[in-house]
Structure formats: C-alpha cells, structure tokens
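I open this notebook page to record what I look up, entry by entry. The structure comes before the entries.

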Amino acid sequence: MSGEEEENAAELKIGDEFLKAKCLMNCEVALILEHKYEQLQQMSDDAGNHVSQVFEKSQQYVKRFSRYKNPDAVRQVREILSRYQLAEFELCVLGNLCPETVEEAIAMVPSIKTKGRAHDDEAIEKMLNDLSLIKKFE
Amino acid sequence: MFFHIVLERNMQLHPRHFGRNLRENLVSKLMKDVEGTCSGRHGFVVAITGIENVGKGLIRDGTGFVTFPVKYQCVVFRPFKGEILEAVVTMVNKMGFFAEAGPVQIFVSNHLIPDDMEFQSGDMPNYTTSDGSVKIQKDSEVRLKIIGTRVDATEIFCIGTIKDDFLGVINDPAAA
C-alpha cells in the first residue's frame with residue numbers, strides 16, 4: 001500500500017496533504033461537533049437518529065479528552081502556540097496532551113527538536129508555562 | 001489526529017430530486033453517503049461542516065441521472081504511525097488490551113506493556129504493577145503511541161505501545 005512505507009508522525013512524515021491541512025485539537029473538535037449536533041436537532045423531529053456511530057464515538061471522545069472547555073480558552077491556546085514556529089500537527093499534539101515538562105514535550109513531539117527550527121529548551125519551557133496559565137484561569 | 005480538510009466527490013442524482021430543493025437534496029445525499037465512512041487515505045469522515053462548491057451537472061448517457069462534482073469541507077480522524085494520543089481502554093485480556101480513540105480501535109499487546117505490569121484475571125481483568133500503584137482496566141484512560149495502522153474496507157485498526165517514556169495510565173491529579 002503506497003504512502004505507508006515512510007509514515008512517521010514523530011518525524012512529521014505525515015504526507016504533504018496532511019502537513020498542509022488544518023489540524024484540530026480535541027477541544028476545537030468538541031465545539032464543532034456540539035454545534036453540528038444542535039443544528040441537526042433543530043432541523044429534524046426525531047432527535048439522534050441522524051448521526052453515525054463514527055460521529056457519536058468521536059463526540060464522546062473529544063468531550064472526554066478536551067483539556068480546555070471554554071471557547072475563549074481554546075482560542076487562546078491556539079493563539080499562544082501559533083507564536084512558536086510549529087507545524088499544525090505539532091501544535092495540536094501539544095494542545096491535546098499538555099505536557100508539563102520540557103522533557104515530556106520533546107518525548108510527545110520529537111520533531112520540535114529535529115526540524116532545525118532552533119527550539120531551545122527555554123523557548124519550550126516558556127511555551128508550556130503560557131499553556132498552563134490558561135488552564136489555571138479558564 | 002483530527003483534521004479539517006476539503007474533499008471532492010461526484011454525486012449522482014435522480015431527476016426526481018430536481019427542482020427548488022435540488023441543492024438541499026444533493027447536500028443531504030452527500031451527508032448520508034459520506035459521513036461515517038472511512039478510507040485509508042483520509043481516515044474516518046466524522047462530520048461534514050460545509051459545502052465549498054457544487055459544479056455543473058452532467059447528464060449521464062443512457063440513464064438520465066445527473067452527476068455533480070461537489071467540493072465539501074469536513075472533519076476527519078486519521079491516525080498516524082508514530083503519533084501519541086490518549087485513549088479509553090475497552091477490553092483487557094492476557095494477550096494485551098484494546099482501547100478506543102474516537103472511531104479508531106487500538107490494540108496494545110502484552111509485549112508492549114511495561115514488564116513490571118502483570119495480567120490479573122477475574123471479574124475486572126487488569127494489568128497492575130507489583131506494588132499495585134498503577135492499574136489498567138476497562139474504562140481506564142491511557143496515553144499510547146501508535147506503531148502501526150491497518151486499513152480494511154470499512155475501518156482503520158491500529159496497534160500501539162505504552163512501553164516508552166511518558167506513556168501509560170493518565171493520572172489525573174484532581175482525582176488523586
């Protein structure tokens with residue numbers, strides 16, 4: 001099967017199509033699916049009959065694994081992470097897993113160290129601190 | 001990982017759907033056909049969020065059906081090898097455990113569970129460390145790394161590991 005030979009998210013080898021695509025954090029997907037679900041409820045009389053199992057499972061998953069619930073906080077997270085030269089994929093993994101230490105961040109997203117973008121430990125630490133502040137004041 | 005991408009599809013419509021509600025019919029047929037499906041390239045289509053463009057319809061020779069090329073935006077879930085994500089444990093047995101991340105099922109073999117965790121059978125089969133401090137059982141939340149993906153006709157199936165650093169049961173400090 002083509003495309004599978006070199007795939008490796010740890011090295012950001014996820015194919016051009018996905019590298020350039022807009023990536024979504026779980027908390028963002030939760031807002032989108034919630035909105036879509038409400039739209040569907042309004043449109044039809046028989047509630048819940050129109051969503052696929054994939055939709056339901058995804059909605060339960062993102063609700064459970066969203067680190068930030070408040071839409072403003074979600075926006076802030078993306079804004080803060082966008083200040084550092086991160087690929088969309090890396091940004092979302094960090095936003096989803098919320099590593100607490102620099103060591104953990106590098107283990108979760110090894111590519112932030114290997115892509116030659118000079119992400120030294122200090123910059124990563126500042127980024128993690130900014131993230132945790134949002135959580136505190138959410 | 002969830003992505004928001006634009007996909008294209010050729011929709012065939014029977015002339016009985018033409019008229020004022022043509023576009024609505026097209027969109028609802030699209031949703032019925034595509035939402036919930038899975039492909040090896042794009043993963044699971046979770047939800048269609050908008051229609052970008054509907055092209056000119058082309059009448060098919062001999063049938064009278066009309067084909068419309070439709071460009072639509074959607075949320076997809078596509079797991080990648082090497083990706084680290086969180087999942088919910090759904091079943092535990094002596095071969096390992098099954099977990100779910102959204103629509104995708106992931107299997108973690110006992111070979112890829114840390115050696116200090118042992119399988120305990122019983123009403124609630126689980127993997128526990130020798131001092132009992134860490135336990136993996138049904139409904140536990142774990143952080144795992146995907147090490148392989150397999151695509152068949154209708155779904156993507158993954159295998160994962162929790163043997164690396166910072167992987168394993170997620171400890172929620174609020175619950176401790």
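Which residue in β10(B) is the bridge partner of Gln120(B)? I find that Asn126(B) is the partner in β10(B). This is a predicted model, in which local features need pLDDT of at least 70 and side-chain atom pairs count only at pLDDT 80 or more, whereas totals for chains, interfaces and linings use all residues. Residues are numbered from 1 along each chain as its sequence is written, chains are lettered from A and ligands numbered from 1 in the order in which they are written, and side-chain values use heavy atoms, with hydrogens and water left out.

**Entry: the sheet in chain B**

I looked up the strands around that pair and noted an open sheet of 3 strands in the order β9-β10-β11 (chain B), with antiparallel pairing (two strands pair if DSSP finds at least two bridges between them; strands are DSSP runs of E with at least two residues, helices runs of H or I with at least four, numbered from the N terminus). Its edge strands are β9 (117-120) and β11 (135-136) of chain B, each of which pairs on one side only. Between β9(B) and β10 (residues 126-129) of chain B I recorded 4 bridges, and the two run antiparallel.

**Entry: the interface**

I turned next to the contact between the chains (heavy atoms within 4.5 Å), to which chain B gives 42 residues and chain A gives 38 residues. The two chains bury about 3,500 Å² between them, with 63% of it on carbon and sulfur atoms (buried area is the accessible area, 1.4 Å probe, lost by two parts on being put together, summed over both). On the chain B side, Phe2(B), Glu86(B) and Phe166(B) lose the most area to chain A, together 18% of what that side buries.

Phe2(B) came up again when I looked at strands: it is the bridge partner, in β1(B), of Leu24(A), and β1 (residues 22-24) of chain A pairs with β1(B) in the antiparallel sense over 3 bridges.

For charged pairs, I noted 8 salt bridges across the interface (a side-chain nitrogen of Lys or Arg within 4 Å of a carboxyl oxygen of Asp or Glu). One of the salt bridges joins the side chains of Lys57(A) and Glu100(B), at 3.4 Å from N to O.

**Entry: Ser111(A)**

Is Ser111(A) buried or exposed? I wrote down buried, because its relative accessibility is 1% (buried means under 20% relative accessible area, exposed over 50%, partly exposed in between, with a 1.4 Å probe and protein chains only). Ser111(A) lies in helix α7 (residues 111-114) of chain A.
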